[in-house]
Amino acid sequence: MTTDSKARMHLRVISPQKLLVETDVLEVQVPGLEGYLGLWPGHRPLNACLGRGEIIYKTVIGREERISIGSGLLQVANDKILVFTDMENDD
Amino acid sequence: MPALIDLRRRIQSVRNSQQVTQAMKTVATARFKKAHRLVVERRPFWHIFPDLALALSQAAGLGRQAFLEIRPEKKIEVIVITSDKGLCGAFNSNLLATAEAFLQQKKGEAAVAVIPVGRKASAHFRRLKYPVVKAYAEGVDKRFEEISRELKQHLEYRFLFKQVDAVYVVYNEFRSIIAPRITITRLLPLGAEETVLPPDHLQPDWEPEASRIIDYLLRFYLKYQVQHYLLESQAAEQASRMMAMENATKNAEELISDLVLLLNKIRQASITRELLEIQTAVEALKQQGV
């Protein structure tokens, strides 16, 4: 696990309609099924379902940004965070 | 030598066709832009989702589950996606030729059935001896949501109840405006023959348990993949039509300039001849001393 304070992760949020976010981030909070999860660099691999809510992430310049999502799926591996969301829509 | 009036008519008719092809090109361009935007925006999902589904299923060790089950291919279905309308160059004929070669190759090993999508494919396979399970011949571009939902349900049912062991799709993938790429791909089962383990052997955590996540994920696999193929094909179709009409317009232009050249030559020749005749007549009269 890395302890480098400049360590960053790569975040991608993808809906069936489009790529919503693709950016490097310092930290991320995602709406898990049982409350928010915080993710920092060096997180161990995780696959999880996400509930409705907001993804809050801090970009490399330190700005906090948010994006709301419907339910979805999260994969964390090797400091790469992949979120699929809004798959129930347009049915 | 053709008469001037015929040539003029001919030029006029070529000009009319050129106007039509020009208009069709404009329409195709507008439709292409729309279809292209759709495809480009949705591609990240289409390309990453199946990989993720496969990787997660393998990580979870559920190689035998539902859509992932690889059975010996005894019965297969092939979805062939073409356009409804023609006038798009070799778009359909190339695809149908490839599809037929593929069917021929598979025929030896398995019972093959076809699902043609698009009027051209439907008409084509009506004449051939392959059994057709289901056909969509009307308004594929307008009803694509409905069709993708129906296809999804159909495939889900057939595959899960083992009425079919594998489903392939033959479609035109939009690559560039110049030419689409004919792609043959296996839609079902999703599983790969050999397991690709991720380089790090840290076992991931699952929340909730793996089987529920995989179920949730695979619910969406078919729906979005079918949509993917239909939309790619549509974008490729509009691009092909755009190119075909562009070429037709250019050819018409060339034809017109050739015909106009010929027309002018003939006109000049007849003027020269008439002048000569008058001149000869004048000379003749002079010699008679009138």
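Mentor: Start with a definition. Two strands pair if DSSP finds at least two bridges between them. Keep in mind that this is a predicted model.

Now take chain A as a whole. Its secondary structure comes to 8 strands and 0 helices. Along the sequence the pattern reads β-β-β-β-β-β-β-β. The C-alpha trace spans about 45 × 25 × 20 Å along its principal axes. A compact globule of 91 residues would have a radius of gyration near 12 Å, and chain A agrees with that, at 13 Å. Buried residues make up 30% of the chain. Take the contacts in chain A between residues at least 6 apart in sequence: 47% of them join residues at least 24 apart.

Next, follow strand 8 of chain A, residues 80-85. Strands 7 and 8 form a hairpin with 2 residues between the strands. In this hairpin, N78(A) takes a positive phi near 55°.

Now cross to chain B. Strand 4 of chain A, residues 46-50, pairs with strand 5 of chain B. The sense is parallel, over 3 bridges. N47(A) stands opposite W206(B), which lies in strand 5 of chain B.

The whole contact takes 20 residues from chain A and 21 residues from chain B. On the chain B side, helix 1 (4-60), strand 5 (205-207) and helix 5 (210-287) each supply at least two residues. Helix 1 gives the most, with 8 residues. By type, the chain B side divides into 16 nonpolar, 5 charged and no polar residues.

Last, look at the largest nonpolar core. This core has 80 residues. Those with the most contacts inside it include V28(A) and V83(A) from chain A, and V78(B), V80(B) and V117(B) from chain B. Helix 5 of chain B gives the most to this core, with 16 residues. Leaving out residues up to four places away in sequence, V117(B) touches I79(B), V80(B), I81(B), Y136(B), V140(B) and I147(B). In soluble globular proteins, nonpolar side chains tend to be buried together.

Methods:
Residues numbered from 1 in each chain as written. Chains lettered and ligands numbered in written order. Predicted model: local features only at pLDDT ≥ 70, side-chain atom pairs only at ≥ 80, totals over all residues. Contact = placed C-beta atoms within 7 Å. Helix = DSSP H or I, 4+ residues; strand = E, 2+ residues; numbered from the N terminus. Nonpolar A, V, L, I, M, F, W, Y, C, P; charged D, E, K, R; others polar. Core = buried A, V, L, I, M, F, W, Y, C linked by C-beta atoms within 7 Å. Buried ≥ 20, exposed ≤ 12 C-beta atoms within 10 Å, placed from the backbone. Rg over C-alpha atoms; globule rule 2.2 N^0.38 Å.
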